[in-house]
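Me: I would like to go through this structure feature by feature. Please give the general idea each time, then the case at hand.

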Amino acid sequence: MTIEMTDGRVLVGTFLCTDRDANVILGSCGEYLSPEVFESKEENGAQEARLLGLVMVPGQHIVNILHDEPHIS
């Protein structure tokens, strides 16, 4: 799951749960500083994620939520 936040950061992780206040818990989460860099598929322009682990994202700071397709091995 990908979450875009009000401050421009993008969080990518595994959805674990939510609550009635729209707070979201992500596991194995990585942080990207800007959506433009995250969406870029060029290797020389790619940005490494800052690994955060378990994260609680307050619902008031969520701008957009995207569901990623599962990777089948």
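This is a predicted model: local features need pLDDT of at least 70, side-chain atom pairs count only at pLDDT 80 or more; totals for chains, interfaces and linings use all residues.

Me: How many bridges join β1 and β2, and in what sense do they pair?

Reply: Strands are DSSP runs of E of at least two residues, numbered from the N terminus, and two strands pair if DSSP finds at least two bridges between them. Here β1 (residues 2-5) pairs with β2 over three bridges, in the antiparallel sense.

Me: In what order do the five strands stand in the sheet?

Reply: The order is β4-β3-β2-β1-β5, an open sheet with antiparallel pairing. The edges are β4 and β5 (62-66); each has a single partner strand, so one side of each lacks a neighbour in the sheet. On average, neighbouring strands are turned by 30° against each other, direction ignored; the axes are lines fitted to C-alpha atoms.

Me: Which residues make up the largest nonpolar core?

Reply: Such a core is a set of buried Ala, Val, Leu, Ile, Met, Phe, Trp, Tyr and Cys residues joined through side-chain atoms within 4.5 Å. Buried means under 20% relative accessible area, exposed over 50%, and partly exposed in between (1.4 Å probe, protein chains only). The largest core has nine residues: Ile3, Met5, Leu11, Val24, Leu26, Cys29, Val55, Val57 and Ile62. Two or more residues come from each of β1, β3 and β4, with the largest share, three residues, from β3.

Me: Is cysteine 29 buried or exposed?

Reply: Cysteine 29 counts as buried because its relative accessibility is 1%. Contact means heavy atoms within 4.5 Å; beyond four places in sequence, cysteine 29 touches residues including Leu11, Arg50 and Val55. Arginine 50, in strand β4 (residues 50-57), lies 21 residues from cysteine 29 in sequence and 8.6 Å away in space, C-alpha to C-alpha.

Me: How many disulfides does the structure hold?

Reply: A disulfide is a covalent bond between the sulfur atoms of two cysteines. The test is a pair of cysteine sulfur atoms within 2.5 Å, and the structure holds zero disulfides. Cysteine 17 is partly exposed, with a relative accessible area of 36%.

Conventions
Residues are numbered from 1 along each chain as its sequence is written. Side-chain values use heavy atoms; hydrogens and water are left out. Helices (H or I, at least four residues) and strands (E, at least two) are DSSP runs, numbered from the N terminus. Axes are lines fitted to C-alpha atoms, for helices over the stretch in contact, and angles run from 0 to 180 degrees between N-to-C directions.
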